[in-house]
Amino acid sequence: LDAVLRAFEGRAQGRGARIRRERLLVADGDVVAELAAIAAPVFAPDAAVAGVLCLTMPSVRFDPGHAPLLLAAAQRITLGIGGDERPPPAVTLQRA
């Protein structure tokens, strides 16, 4: 989750730039060897990141086919809260 949030703070490089461009993070074993995750940002009406939708699972259940489904769900939530699913590249993290 942190990688997705950080990708939209300031200038993203490397992995963050890819997350920003694709609006998606797919990770398998990055933090915990047996854990996989798919995450996508949800954007607020002001184009700030309102939150992150994340699906975590044991690596043995990881299916890359879930990524487009999770991305579509994050886009639907974004639109449902009045956000723009393709915000400008420089958006800021919305903190509570």
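**Strands, turns and a pocket in a predicted model**

Me: What share of the contacts in the protein chain with a separation of 6 or more comes from residues 24 or more positions apart?
Reply: This is a predicted model. Count the contacts with a separation of 6 or more in the protein chain, then pick out those between residues 24 or more positions apart. Their share is 52%.

Me: What percentage of the residues in the protein chain is buried?
Reply: A residue is buried when its relative accessible area is under 20%. The protein chain has 96 residues. Of these, the buried share is 34%.

Me: How many residues of strand β2 are buried?
Reply: Strand β2 runs over residues 35-43 and is mostly covered. It has nine residues. The number buried is eight.

Me: What is the bridge partner of Val 26 in β2?
Reply: Strand β1 covers residues 25-28 and pairs with β2 in the antiparallel sense, over four bridges. The two strands form a hairpin with six residues between them. In its turn, Gly 29 has a positive phi of about 80°. Across in β2, the partner of Val 26 is Ile 38.

Me: What is the bridge partner of Ala 40 in β3?
Reply: β2 also pairs with strand β3, residues 49-58, in the antiparallel sense. Nine bridges join these two strands. For Ala 40, the partner is Leu 53.

Me: Is Ala 47 buried or exposed?
Reply: Ala 47 is in the loop between β2 and β3, and that hairpin has five residues between the strands. Its phi is near 75°, positive although Ala 47 is a residue other than glycine. The relative accessible area of Ala 47 is 12%, and the cut-off is under 20%. So Ala 47 is buried.

Me: What is the relative accessible area of Arg 23, a buried residue?
Reply: Most residues other than glycine have a negative phi. Arg 23 is not a glycine, yet its phi is positive, about 60°. Arg 23 sits in the loop between α2 (15-22) and β1. It counts as buried because its relative accessible area is 8%.

Me: Which element gives the most residues to the lining of the largest pocket?
Reply: The largest pocket has a volume of about 250 Å³. Its lining has 15 residues, and the closest to its centre are Leu 1, Leu 25, Ala 27, Val 31 and Ala 37. The elements that give two or more residues to this lining are α1 (2-7), β1, β2 and β3. The one that gives the most, with four residues, is β2.

Me: How many residues of the lining of the largest pocket are nonpolar?
Reply: Sort the lining residues into three groups. Three are charged and one is polar. The number of nonpolar residues is 11.

Me: What part of the accessible surface of the protein chain belongs to carbon and sulfur atoms?
Reply: Begin with the total for the protein chain, about 5700 Å². Then take the part of that surface on carbon and sulfur atoms. That part is 56%.

Terms used. Residues numbered from 1 in each chain as written. Predicted model: local features only at pLDDT ≥ 70, side-chain atom pairs only at ≥ 80, totals over all residues. Heavy atoms only, no water. Buried < 20%, exposed > 50% of the residue type's maximum accessible area, 1.4 Å probe, protein only. Pairing = 2+ DSSP bridges. 1 Å grid on protein atoms, 1.4 Å probe; cavity = no way out; pocket = protein on both sides within 12 Å on 5 of 7 lines; lining within 4 Å. Points joined across faces, edges and corners; volume = space filled by probe spheres on them. Nonpolar A, V, L, I, M, F, W, Y, C, P; charged D, E, K, R; others polar. Contact = heavy atoms within 4.5 Å. Areas by Shrake-Rupley, 256 points an atom, 1.4 Å probe, with all protein chains shown as cover.
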